[in-house]
Amino acid sequence: MKYDVIIVGGSYAGMAAALQLIRARRSVLVIDAGLRRNRFASHSHGFLGQDGADPAEIAATARAQLHAYPTLTWIDETAQAAAGVKDAFVVTTADGRRHEGRRLLFAVGVTDILPEIEGMTERWGKSIFHCPYCHGYELSQGTIGVIAAGPMSIHQAQLIPEWGAVTFLTNAAVALDPDSQADLTARGVTTEATPIARIEGHADVMLVDGRTLSFAGLFTASRNAPATPIAGLLGCELEETPFGSQIRTDDTKETTAPGAFACGDAARVPHSVSLAVADGAWAGAQVHRSLVF
């Protein structure tokens, strides 16, 4: 069958968009690979009504609610390619099946590109974070380390003293000019220029000179890119942001490929569950309008 809308990605933004569309009684196919960005975290914070909840449970509840609508079809599969034009799109999944739709919505999320430091990946989402609004409060105003990953890390180090005593570990990833150094000092931030050897324990930073700095938690400004190149394969343009690359959209969330839309972390900055849900809801309504007018 040909669906009204195919949504690639069934996390928070994709499901929020799907909800608007199925409530408009449109036929919607969601293709989801099951790789939520926050799958490494055990608690989600800052999302109204769900503060402190397990993000997996939030997603499971949302999916169950969507399945109450008869015009939803859900496939647990990886979308590998997208082709076609407005009103005649085809998405091919990893199992070789081809799915037709009048509109496409990419809600593919992003990949976090972390500094190459031993011990960081396995602590991501547990004791190393990117968003202080999501995780800062739980550090109880303890000592916090900010690990530089690029120019945006300076902004992160300036902001995070709201949540605790900060040490900015530049790790040869950023050079501080006198004005930036003076600003950080005025905010009470300690600067540590010694490179990092590895991270151990909960959030123990081992420096190359043998010292160990222990923190309640660590933050780093990860670089982002869409989690799959599928939008680019269709011809959708990307754009650079201070956080990395994202899918270019207009105010209605339509990409540079007519009839193809994008929402969530892959198509907006900054990132959070709340913002992804809002962006998805807006995108869903705009996709519906494109089918009507």
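**Exercise 1.** Work out which handedness the crossing of H1 and H2 has.

*Solution.* Start with the elements: helices are DSSP runs of H or I with at least four residues, strands are E runs of at least two, and both are numbered from the N terminus. The crossing of H1 and H2 comes out left-handed, meaning the near helix is turned anticlockwise from the far one by less than a right angle. Next, the angle: the axes of H1 (residues 12-23) and H2 (residues 55-66) come within 10 Å and cross at roughly 20 degrees. Axes here are lines fitted to C-alpha atoms over the stretch in contact, with angles from 0 to 180 degrees between N-to-C directions. Angles under 35 degrees count as roughly parallel, so H1 and H2 are roughly parallel to each other.

A word on provenance: this is a predicted model, where local features need pLDDT of at least 70 and side-chain atom pairs 80 or more, while totals for chains, interfaces and linings use all residues. Residues are numbered from 1 along each chain, and side-chain values use heavy atoms, without hydrogens or water.

**Exercise 2.** Find which residues of H1 and H2 meet.

*Solution.* From H1, take Tyr12, Met15, Ala18, Leu19 and Ile22; from H2, Pro55, Ile58, Ala59, Ala62, Arg63 and Leu66. Sort them: ten nonpolar, no polar and one charged.

**Exercise 3.** Decide how many residues of H1 are buried.

*Solution.* Apply the cut-off, under 20% relative accessible area with a 1.4 Å probe, protein chains only. Nine of the twelve pass, among them Gly14 and Leu21. Their cover includes H2, strand S1 (2-8) and helix H7 (273-292).

Terms used: Parallel < 35°, antiparallel > 145°, perpendicular 65-115°, else oblique. Contact = heavy atoms within 4.5 Å. Nonpolar A, V, L, I, M, F, W, Y, C, P; charged D, E, K, R; others polar. Buried < 20%, exposed > 50% of the residue type's maximum accessible area, 1.4 Å probe, protein only.
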